[in-house]
Amino acid sequence: MESKFIWIRRSGLFLSLFVCFTYINAQETPTVNTIEPKASEEKKVPDWINNLKFGGLIRFRPEFKRNYDYSNKHTATVKAVASDGTTPILDSTGKQVTYIQNKEADNVEFVGQKVQFSISTNFSKDVEGKITFQDARVWGGQTGSINGLGTANANTSESVDIREAWIEVKNLPMDLNLQAGRQIMAYGDLRLVAHLDWMNVGRSFDGLRFKHESKYLSSHAWGMVISEKDSDIVGNVSTATAGDAYFTGWYNTLKLHEQFNMDLYYLGIHKTWTQANAPAYTIPNAQITVQDRTKQRDNLLTFGARLTNRTKKNEQGAMVATIPFDWTFEYAIQTGKSGEEIQPAWDTTWGSSKGTIYNVYTPYDPTNPGASSIIAKDRKLYKEKVRYDSFAFAFDAGYTIQKKFRIGVEYDVGSGDPNRADGKKSTFQNLFHLNHVYYGIADQVSWQNMVGKSINLKVKLGEWGKLMLAFWHVDKHKSQDAWYGVAGGSSTTASTESKSNSRYVTTDVVTGRQVGSLGKHLFKEYDIQYDVDYKGVNWSLGGSAVYAGDAAKGTRDNTLEIQQSLQKTGTPPVLTALAFNPRATFFYIMMGYKF
């Protein structure tokens with residue numbers, strides 16, 4: 001009995017000690033919910049995420065164009081026959097005479113769309129980056145799934161691309177910034193280097209650009225790859241067919257005064273020159289081949305200067321003057337060598353009758369004696385390298401009354417080439433321009449073989465927007481040269497020209513016209529444009545009436561050519577000459593929202 005009592009007493013003592021220990025331990029140990037994290041243990045959001053910026057653009061533009069070939073018709077080449085409807089009319093060489101006939105109406109209308117979304121950030125104080133995605137398309141140009149069953153955009157090229165993707169490292173030695181990747185460039189008045197945002201796709205460059213910015217000097221130097229013929233080893237295939245090509249430049253702006261800036265620049269396009277025609281014959285072991293020119297370079301070098309008193313940037317980002325009178329003058333020259341070699345222009349004896357005296361030697365092929373002399377003519381003792389030799393200048397001035405009305409004038413010249421077969425390329429090359437803001441909004445001409453004169457009026461209407469009226473008169477600089485469109489390419493059917501590329505010959509061998517009678521006037525253009533911001537959306541309406549001159553008339557109204565061809569054949573058939581319609585029209589409506 002006593003032992004049992006002792007066990008109970010000891011058990012009570014142990015139980016009391018356990019309860020006390022548990023109570024004390026509970027008082028000294030805090031619960032998990034009461035623990036406060038230390039400030040140093042907080043998770044910090046990276047700076048580049050805090051610095052993220054988003055932006056974008058949505059834009060739609062219907063365009064309507066009529067009679068851009070100045071005949072109001074497309075044309076077809078028809079073979080001439082006699083009045084019986086079957087007997088062919090032949091010329092003096094025995095070939096059947098052809099003429100141009102009206103076919104169908106010439107009207108163009110479409111809706112262009114551009115959608116952009118951009119992300120930019122400062123990764124650190126000295127590192128910034130940006131990427132811009134863009135979808136550019138024509139409505140209906142890439143057929144989607146109309147019935148909802150097919151694959152959208154099946155068998156079509158995609159429209160989504162990267163407009164910008166670059167990183168910029170700042171505060172390098174000599175106060176330089178380095179921008180690398182796909183980037184947009186715009187300099188001066190955008191006549192030679194521009195973003196081309198008026199178009200649906202726009203223009204971007206891939207490469208490196210060094211920048212220096214200070215109070216009195218802005219200096220940018222770059223090297224861009226505009227064409228790459230080689231693919232890499234992991235399957236990124238290059239689709240370039242023109243070979244390697246590069247765009248280099250050094251653009252400097254001297255900020256001399258609040259009313260005077262001077263731009264001095266160099267722009268270079270360097271590309272591979274590929275021989276157009278392969279040799280017709282080769283002789284085994286005789287080493288008689290046309291000289292290999294694929295390793296030669298086509299180097300077009302542009303040097304220029306721009307003077308202006310438009311030194312202040314306004315709310316829209318445009319450069320304006322601080323006084324009512326504003327002006328800009330720009331002059332550029334082009335030099336370099338194209339890589340092409342031709343017969344010397346000074347050698348008037350060059351020809352089939354005396355060509356053999358200029359050969360290194362005259363080979364003989366016993367298997368084909370008649371081919372030997374042909375091969376020999378490909379190996380001349382001397383040739384002439386074709387050089388670039390052109391110029392352009394522009395003068396634009398205006399006076400603003402009461403900060404609302406600006407009356408302006410403009411005079412532009414892009415040199416032309418009177419003889420495109422000699423050793424000089426005298427047609428100015430317009431490079432990477434934005435011609436839509438110059439030479440008329442109908443986009444009829446580029447800064448090549450042209451003399452343009454304009455008078456214009458701009459009116460600020462306050463909350464009601466802006467109105468612009470302009471008149472343009474554009475001629476050729478050289479009648480023998482072509483009419484160059486807004487993209488810079490020439491069209492041999494757009495205007496009269498010396499198709500034989502001759503400067504002094506009395507008659508053009510193709511058209512039969514006297515060179516002195518070639519047309520020089522290209523067109524007159526009347527423009528109107530209205531812009532307004534309404535409901536947060538930018539609205540723009542514009543229209544042009546274009547009246548072509550004698551340079552186009554001589555090509556479109558080809559009655560003279562038909563008669564000259566038929567004089568050699570006897571009784572002419574009944575022909576309908578292509579009628580010349582000088583008037584072309586252009587109209588657009590654009591709405592865009594930028595965020």
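How many bridges join strand 10 to strand 11? In this predicted model, the count is 12, and the two strands run antiparallel. Strand 10 covers residues 245–257, and strand 11 covers residues 260–272. A hairpin of 2 residues links strand 10 to strand 11. Within this pair, tyrosine 251 faces tyrosine 265 of strand 11.

Strand 11 also pairs with strand 12, residues 297–308. This pairing is antiparallel and again has 12 bridges. Here leucine 267 has threonine 302 of strand 12 as its bridge partner. Strands of a sheet pair through backbone hydrogen bonds, in either the parallel or the antiparallel sense.

Strand 17, residues 384–388, pairs with strand 20 in the parallel sense through 2 bridges. Tyrosine 388 lies opposite lysine 425 in strand 20.

The surface carries a nonpolar patch formed by Phe303, Phe329, Tyr331, Ile333, Phe395, Val409, Tyr411 and Ile455. Together these residues expose about 680 Å² of accessible area. Strand 15 (325–335) and strand 19 (405–414) each give two or more residues to the patch. The largest share, 3 residues, comes from strand 15. Valine 409 belongs to strand 19. Valine 409 is classed as partly exposed because its relative accessible area is 40%, between the 20% limit for buried and the 50% limit for exposed residues.

How values were computed:
Residues numbered from 1 in each chain as written. Predicted model: local features only at pLDDT ≥ 70, side-chain atom pairs only at ≥ 80, totals over all residues. Heavy atoms only, no water. Patch = residues over 30% accessible without salt bridge, like charges linked within 9 Å, V, L, I, M, F, W, Y side chains within 5 Å. Areas by Shrake-Rupley, 256 points an atom, 1.4 Å probe, with all protein chains shown as cover. Salt bridge = Lys/Arg side-chain N within 4 Å of Asp/Glu carboxyl O. Helix = DSSP H or I, 4+ residues; strand = E, 2+ residues; numbered from the N terminus. Buried < 20%, exposed > 50% of the residue type's maximum accessible area, 1.4 Å probe, protein only. Pairing = 2+ DSSP bridges.
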